[in-house]
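Dear colleague,

Here is the model you are taking over, with my notes below it. Please keep it open while you read.

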Amino acid sequence: MNPIESHLHEPDTSFDGGDLDCGNGLLLLIRKHIDPLPRGGLLEILSTEVSVDEDLPAWCRLTGNELLSWTKVKKQRSFLVCKGKLSDRSVDAKIAVAPAVTEAKIERLRRDPISPPPIPPLAVMGIGSWPRPRWMIEAMHAHVEGRLSEAAFQETADDAVRLTISAQEKAGVDVVTDGEQRRDSYASFVASRLDNCQLIPLVDLLPLVDHPEEFEAELRALDIPAGDVRHPAVFGKLSRSRPLVAHELNFARSVTSKPIKTALPGPYLLARTMWMECISDQAYGSREEIAEDIVRILREELAELMDAGAALVQLDEPVLSEVVFSGAKNKRSFMCGALSESRGPEHELGFARDLLNAVLEGFPQERTGLHVCRGNWTPDESVALAGSYAPLVDMLSQVRVGAYLLEMCTPRAGEMEILRALPPDARIGVGVVNQKDPHTETFDAVSARIARAIDLFGRERVLLHPDCGFATFADSPICCTGSAQDKLAAIARAVETFRR
């Protein structure tokens, strides 16, 4: 497409990208401004960078947006991009503009703290996520893209949570989760709940990695659709003007009397995920600085969850395994392993420990947990990380948490005996079924793992669960609902022998 003298249409909103190129943050700024627009909305992008002449049309083709025209006067360029196709544009549509960077004031509900039911020894529970119905996934995409209102989305999610909890109760669990039905993934969903943070499609981030072609090939190998999966991008100081997950707990309490476990992405995971120097440094000077705000936000959320009656709040830190495991087949099992800063294992583990303890300080230890696994993108075991807990157990022992919920069924996790080094007053959650295995484990196999855990840690300390969630990523569930229910039921049947 050649430049023209002037655009034929007036933009709905505009921003100046200056001399940024597409690999140095411009695409993220485009996404910041185009996402709030309805389909058919028009965005003007001003730029003085010559490489944008070729890169922006390629991005438009890749993302399904339409480059309508562009103009050029000396170095100054103006590109007019339609979100979707121009044929989608409605004359009567109310056009939104990109939200400004905000400083939020949180309004926390005042209430008397709710005491949760106790979690018994040998309690059976899921790790967190549950396969979403197709209509829930469709609603999730429509909501992110601005085609479904917040109220309609939450109402749809309520129905999905009812089904999820019912399936877990039928399986015989002792502790339920809401299945993370409102989340696009176990971690990135926070970008849709925080101020000055936004979910960006992975396709926009490919220019930011060192070797985009190689990285894109790895995504394909891991069955990760770069156009569907989104990643957090920070555009200003992070703040929390509404709960991250407390609203999920509040609704779950209305449909079950069982103890409820709520999962939160851990502070190290979020710091690794949210710190991207090309964009985050507009608001923060370093990863350590953004981590301070992440800790503050998680403490605010944890306080609300405790008051709301969470029986167990689980902090997810699966990327710890990426820090210590390496090898030919252990390339990247986590997005933040490619998109963010990481130093040597000793530094990273110390950083993670300090962040976790900063979040946990002062809260009831017996109601907090930590989950670690080795990647849950795909059922293909060959592309996931492998290695025992030996390089992690010392650091894990220094985290002041009440329970460790650990992947243990898969042979990739090594020997259970290593976990005896964890603090003797902590509960040990042991993965006794593998969500990646399409077959439901036999009664004898599950019973043997339970017996081994009791021998090592004592009956009072043991909790039982799958290795990881059943649908860590909404668009790429590890298994179907029937398989998830069958695997939890297999644990529930096997544990009865040990309760007599």
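A residue is called buried when its relative accessible area is under 20%, exposed when it is over 50%, and partly exposed in between (1.4 Å probe, protein chains only). By that rule, buried residues make up 58% of the 500 residues in the protein chain.

Before the details, some ground rules. This is a predicted model, in which local features need pLDDT of at least 70 and side-chain atom pairs count only at pLDDT 80 or more, while totals for chains, interfaces and linings use all residues. Residues are numbered from 1 along each chain as its sequence is written, and side-chain values use heavy atoms, with hydrogens and water left out.

Overall picture

The protein chain has 16 helices and twelve strands; helices (H or I, at least four residues) and strands (E, at least two) are DSSP runs numbered from the N terminus. The chain exposes about 20100 Å², and carbon and sulfur atoms supply 50% of that area (Shrake-Rupley method, 1.4 Å probe; for residues, only the protein chains shown count as cover). Contact means heavy atoms within 4.5 Å. Among contacts between residues at least 6 apart in sequence, 82% join residues at least 24 apart.

Two strands are taken to pair if DSSP finds at least two bridges between them. Six strands form an open sheet with parallel pairing, in the order β7-β8-β9-β10-β11-β12. Strands β7 (261–265) and β12 (462–466) stand at the edges with a single partner strand each, so one side of each has no neighbour in the sheet. Neighbouring strands here are turned by 25° against each other on average, direction ignored. For angles, axes are lines fitted to C-alpha atoms, for helices over the stretch in contact, and values run from 0 to 180 degrees between N-to-C directions.

Two helices pack on this sheet. Helix α15 (residues 443–457) touches β11 and β12, and its direction makes about 160° with that of β11. Helix α16 (residues 481–499) also touches β11 and β12, and its direction makes about 150° with that of β12.

Strand β10 (residues 403–406) is covered on both faces: Ala403 and Leu405 on one side, and Tyr404 and Leu406 on the other, are all buried. Strand β9 (residues 368–372) runs parallel to β10 and is joined to it by four bridges. Across that pair, His371 has Leu405 as its bridge partner, and Leu370 has Tyr404. Strand β11 (residues 427–433) is also parallel to β10, again with four bridges, and there Leu405 is partnered by Gly429.

The four-stranded sheet

A second open sheet has mixed pairing and the order β1-β2-β4-β3. Its edge strands are β1 (13–16) and β3 (66–73), each pairing on one side only. Neighbouring strands of this sheet are turned by 15° against each other on average, direction ignored. Strands β1 and β2 (residues 42–47) run parallel and are joined by four bridges; Phe15 stands opposite Ile45 in β2. Helix α2 (residues 52–63) lies across β2, β3 and β4, at about 5° to β4.

Which residues of α1 are buried? They are Leu26, Leu27, Leu28, Leu29, Ile30, Arg31, Lys32, His33 and Ile34. That is nine of the nine residues of helix α1 (residues 26–34), so the helix is largely enclosed by the rest of the structure.

Helix α4 (residues 150–171) has 22 residues and reaches 31 Å from its first C-alpha to its last, close to the 32 Å expected at 1.5 Å a residue (the expected span is 1.5 Å times one less than the number of residues). Its buried residues include Phe153, Ala157, Val161, Ile165 and Gln168. The buried residues of α4 pack against α3, α7 (246–253) and α16. Just after α4, Gly172 takes a positive phi of about 100°.

Leu122 is found in the loop between β4 (76–82) and α3 (134–144). Leu122 is buried, with a relative accessible area of 0%. Not counting residues up to four places away in sequence, Leu122 touches Asp174, Ile454, Arg459, Val462, Leu464, Val495, Phe498 and Arg499. Leu122 and Arg461 are 339 residues apart in sequence and 7.6 Å apart in space, C-alpha to C-alpha.

Regards
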